[in-house]
Amino acid sequence: MTKAAKTKVQHWRGHVVIALLVMMFLALVGRVLSLQVLDMGRGVEFLKKQGDMRMLRTAELPAYRGLITDRRGEPLAVSTPVISLWANPQVLTGSERLPELADALDVSVLELEERLARYSGRQFMYLSRHLVPDRARDVLALNIRGVRAEREYRRFYPAGEVAAQLVGMTNVDGGGVAGLELAYDEWLRGHPGKKRYIKDLHGDAVRDIGVVEAVRPGRNLQLSIDLRLQYLLHRELSRAVTVTGAEAGVIVTIDSRTGEVLASASYPDFNPNNRTTVTMSQTRNRAVTDVFEPGSTMKPFTLVAALESGRYETTTMIDTSPGRIRVGRKVLPDPRNYGEISLSQVVEKSSQVGITKIALDIGHEPIWDVFNRFGFGQSTATGFPGESSGLLPQRPRWRPIEEVTLAFGYGLTATPLQLARAYAVFANGGMLLELSLLHREAADLRSERVVDAQMAADVREVLHAVTGDQGTARKARVPGYEVGGKTGTVHKVGAGGYLDDQYVALFVGMAPIEDPRFVTVVVLDRPKGDNYGGGAAAAPVFARVAAETLRLMGVAPTLETPSEMLAATVAGGGA
C-alpha cells in the first residue's frame, strides 16, 4: 500500500473514533436528559426516590396527653415537656468521649459501654428518658457526635398518693397502664403528628421540610371526684390505719342524688411520681376491686324483705330470748339477752337471733330477691379496670344455716362501692343509681326504682336509731347533724374457715338523715386490739369524714352542738 493510501486509511479511522466518541457523548447527554428532564423512563421519580431514601427522614411529633381534673377543675394528671436523649450506637461506640458522656448521664463508663454493645447492630438507643430540659441541654452542650435529643411528654400527678389508685398512671411511653388512665387511654392519648427533614451524611438534621401530619392533642377528662374530699378521705384513712393497726382500708363517698363518686381512698397507697418501690398491692383501688363479706351491714336489706312480706312492720315485736338460737348444729348468739324487741330494734342492736327468726319465717327467696334488686352480685358499671361484681350465690338447694347466714351478710361478697350504691337507695327515696366516676349533669342521670319511697324512709329512721343512745353506732354521730348508718364486724376467712381473731370492721352511713346526700362506706381490714368492731373502729372514722364533708359542702347544721360532743369528735371519737 502506498504512503498516500496509508494516510487516507488513518484519516478515516480517526474520523470513526471521533464519531464514536461524539455518539457516546450524545447518548450520555440524551440519557441524562431522559432521566432528569424529559422523564421518559420515569427516571426523575426514581432518582428522587433514591435520594430521599438517603437524605429525607420522617420524625414523629409527640402529642400532648389530655388533662385529668376533678369536678372543680383542679388538675389530677398533667403532661409536662421533657427531653429524651438517644444515640446511634454505631457512631458512638469507641468514642474517646464516652467517659465525659457517662459522667453527664450519671452512669458508669462500663455500664454505658455494655449498653452500646447490646445495641451494636442497631442505629438507635435511648441514653436517658424524660430529662428536664435544663439537664438535657447540659448533655447536648458537650457536642458529642452521635448523641441526639427528642421532645416527649411526661405525666405528672399533682395530688400524688392522695388520688393515685383512682387516677392510675402511665408507662414511660405515655400509655395508660392503671386506673382511669388505662380506662380512658384512647380518649386521653391523642395522636402524634409527623414532620419531614433532611439529614446530612452524619445523621444531623440540616433542614426541616415541614409538617406532614398535624398533632392532635388528647382530650381532657373531668372526674366526679372532689379533690377537697379526696384529701379528707386520704387523711382520715391514714389516721384510722395508724390508730387501729389495720393492715388495709377503704373509704368511699358518693352523692346519693346523682350517683357520682365524690372521693375514694385506699390504703396502702403509692406515689405515682416516684415508682421505684411500688407494688401491685399498693396500686389497687380497693373500693372497686376488693370484695368482702358485708356482714351486719346487710341487715337493713333483710329488714326490707321482712317489710315487703307483709308479715312485719318496724314496730312488730320479736322475742329474742334467751339471747341465742340454734340452727342445725350451729348456735347463733347475741351479745346479751335482749328479750322482746321491735323489728326496728333488731337492726338497731344488730341482733343475730332476731334476724335469724325473720329469715326462718320468710325464707331466703325474698331476701335474695331484695339483695339482687339492690345491685349485689352485679357490676356497678363504672368502667374502672378490674372492677369486681362480687358474689350473690344461687344454689339449687339451701341448707337452713345458709338461708340464715345470707340474711345477716355471710356467704356473699361485695365491694365497698356496691355497698355505697345500695345504701344510696335508702338515701334517695328508693332509686338504684348508675354510678359514675366522671362528672355528669343531672340530665345524664339514669336510675330505676327498686323499693317504695315510704319504705326507704322507714329504713332511714331505723338507720338513724342505730346511731342513737341504744344503737351500735353511737360513735358515728356528728355534732350538729342527724346521721344514720349500720355497723358490721366480719370474721376473716382462712384456710380452715373463719378466723376467731381476725376481723373486717365496717360502717356505712349517710348524712344528713333528714335529706341524705352523702353516703360513705368505711372498711378497715384486720384492725388490732380490743376496738376491732365496726362500732369502735369504723364508725368514728365516718363521724370525722361526714362532719368535714358537710362543712365543705356548705350544709348548715340542724342541731345545737354540745361543746363536749364536738371536742370528742375532734379528738377522734374513740376510734
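Student: Why is alanine 246 called buried?

Tutor: This is a predicted model, so the value is computed from it. Alanine 246 has a relative accessible area of 7%. Buried means under 20%. Therefore alanine 246 counts as buried.

Student: Where is alanine 246 found?

Tutor: Alanine 246 is in the loop between α10 and β11. Leaving out residues up to four places away in sequence, it touches Val241, Leu524, Asp525, Arg526 and Pro527. Alanine 537 is 291 residues away in sequence, but 9.5 Å away in space, C-alpha to C-alpha.

Student: What makes arginine 526 and aspartate 525 a salt bridge?

Tutor: Their closest N and O atoms are 3.4 Å apart. The cut-off is within 4 Å. So the pair of arginine 526 and aspartate 525 qualifies.

Student: Why is arginine 526 called partly exposed, and what is aspartate 525 called?

Tutor: Arginine 526 has a relative accessible area of 24%. Aspartate 525 has 16%. That is under 20%, so aspartate 525 is buried.

Student: How do you know that arginine 71 forms a salt bridge with glutamate 260?

Tutor: The closest N and O atoms of arginine 71 and glutamate 260 are 3.2 Å apart. The limit is 4 Å, so they pass. The pair links distant parts of the chain, 189 residues apart. Arginine 71 is in the loop between β2 and β3. Glutamate 260 is in the loop between β11 and β12.

Student: What makes arginine 71 and glutamate 260 buried?

Tutor: Arginine 71 has a relative accessible area of 19%. Glutamate 260 has 2%. Both values are under 20%, so both residues count as buried.

Student: How do you know that aspartate 290 and arginine 286 form a salt bridge?

Tutor: Their closest N and O atoms are 3.0 Å apart. That is within 4 Å, so the label holds. Aspartate 290 is buried at 18% relative accessibility. Arginine 286 is buried at 7%.

Student: How many salt bridges does the whole structure have?

Tutor: The search finds 32. Some link up: Arg65, Arg155, Glu181, Asp185, Glu186 and Arg189 are in a network of salt bridges.

Student: Why does arginine 460 have no salt bridge?

Tutor: The nearest side chain of opposite charge, aspartate 515, is 7.0 Å away. A salt bridge needs a distance within 4 Å, so arginine 460 has none. Yet arginine 460 is buried. It sits in helix α19. Its contacts beyond four places in sequence are Phe426, Ala427, Gly429, Met510, Ile513 and Pro516.

Student: Which residues line the largest cavity?

Tutor: The lining is Ala511, Phe518, Thr520, Phe542, Ala546, Thr549 and Leu550. The cavity has a volume of about 50 Å³. Four of the lining residues come from α20, the largest share.

Student: What does the lining of the second largest cavity divide into?

Tutor: Five nonpolar, five polar and one charged. Among its lining residues are Glu161, Gln230 and His234. Glu counts as charged, so Glu161 belongs in that class.

Terms used
Residues numbered from 1 in each chain as written. Predicted model: local features only at pLDDT ≥ 70, side-chain atom pairs only at ≥ 80, totals over all residues. Heavy atoms only, no water. Helix = DSSP H or I, 4+ residues; strand = E, 2+ residues; numbered from the N terminus. Buried < 20%, exposed > 50% of the residue type's maximum accessible area, 1.4 Å probe, protein only. Lys, Arg positive; Asp, Glu negative; His and termini not counted. Contact = heavy atoms within 4.5 Å. 1 Å grid on protein atoms, 1.4 Å probe; cavity = no way out; pocket = protein on both sides within 12 Å on 5 of 7 lines; lining within 4 Å. Points joined across faces, edges and corners; volume = space filled by probe spheres on them.
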